[in-house]
Amino acid sequence: MLKIGSHVGMSGKEMMVGSVKEALSYEANTFMFYTGAPQNTRRKKIEELRIDEAKALMEQHGIAIEDVLVHAPYIINLANTIKPETFELAVDFLRQEIERVEAIGVKMVVLHPGSHVKAGEEAGLNQIVKGLNMVLNEDTKVIVALETMSGKGSELGYTTDQLKYMIDHVEHNDKLGVCLDTCHLHDAGYDLTQFDAYLDEFDEKIGIHRIKAMHINDSKNERGAKKDRHENIGYGHIGFDTLCSIIYNERLCHVPKFLETPYHEEKAPYKREIAMIRNKLFEPGLK
């Protein structure tokens, strides 16, 4: 069964109940959310999130908590060696976020590995490893899925070798997975028309079992641009047919997939995009 959803909000009085309702309005069977604003550390108390009501609504509509994804905030930068206070904030807040995700009952949190801010890739990679070793332990119940990045600026995690290095050097790496982002892979230079060849390389170096989630996005950029600009499904340089072939790849059929495509005229495109993906039929007219 195709597990397909999108980013949804969590705010106002309904909190997580509102997240589930939004996902259902798109006819999704999974969803991804932030536990608070991705740009800051302000978070509501767990007791205010209406978790039990949300889980009851999910169960009623066949949404499995195991397929739901929390996205860690962008402010976490484990790769920073330039500012110790930034690294300390990243470690402390990631630790708190994992605790929150565990309390909610979600099993996965996706994390941008970080940016080395001109310190160099080797220094940044080792700092990420250091941070993950400080956060993860044998009792951690959540899988941290490292997201494949586009290589914009000083981002790390944009090659399979970089992901392998991080995973290989983290002590409790059974707590680590990978979240593939199609826009990021394309912008990093991977040819997604040859996706099975990419999976072969990934399986050889890391193990395909590590792929725990996918972000499905088209790209506004030519392949290898390293710009990370998401586009609506079928309107970018990856294209609808290529994205569909990735979504329905038999080797990843069990992996939940999440849309992060741009709003159009302040409206979420997700219901329409999910329908196109389910029908395997591109319908122009969104733009």
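This is a predicted model: local features need pLDDT of at least 70, side-chain atom pairs count only at pLDDT 80 or more; totals for chains, interfaces and linings use all residues.
Cys244 tells its own story. Its sulfur is 15 Å from the closest cysteine sulfur, that of Cys253, so a bond is ruled out by distance, given that a disulfide needs the two sulfur atoms within 2.5 Å. Cys244 is buried as well, at a relative accessible area of 8%.

## The helix around Cys244

Cys244 sits in helix H8, where Phe240, Thr242, Leu243, Ile246 and Ile247 are buried too. That makes H8 (residues 240-247) a mostly covered helix, with six of its eight residues buried.

What lies over those buried residues? The cover includes helices H6 (182-188), H7 (195-205) and H9 (270-279), along with strands S7 (211-216), S8 (218-219) and S10 (257-259).

In soluble globular proteins, nonpolar side chains tend to be buried together. Here the largest nonpolar core has 83 residues, and Phe31, Phe33, Leu132 and Leu180 have the most contacts inside it. Helix H3 (residues 84-104) gives the most to this core, contributing eight residues. Another core lies apart from it, with eight residues that include Met32, Leu69, Ala145 and Cys179.

Phe31 is worth a look on your screen: leaving out residues up to four places away in sequence, Phe31 touches several residues, among them Val8, Met16, Val20, Met58, Ile63 and Phe258.

Key. Residues are numbered from 1 along each chain as its sequence is written. Side-chain values use heavy atoms; hydrogens and water are left out. A nonpolar core is a set of buried Ala, Val, Leu, Ile, Met, Phe, Trp, Tyr and Cys residues joined through side-chain atoms within 4.5 Å. Buried means under 20% relative accessible area, exposed over 50%, partly exposed in between (1.4 Å probe, protein chains only). Helices (H or I, at least four residues) and strands (E, at least two) are DSSP runs, numbered from the N terminus. Contact means heavy atoms within 4.5 Å.
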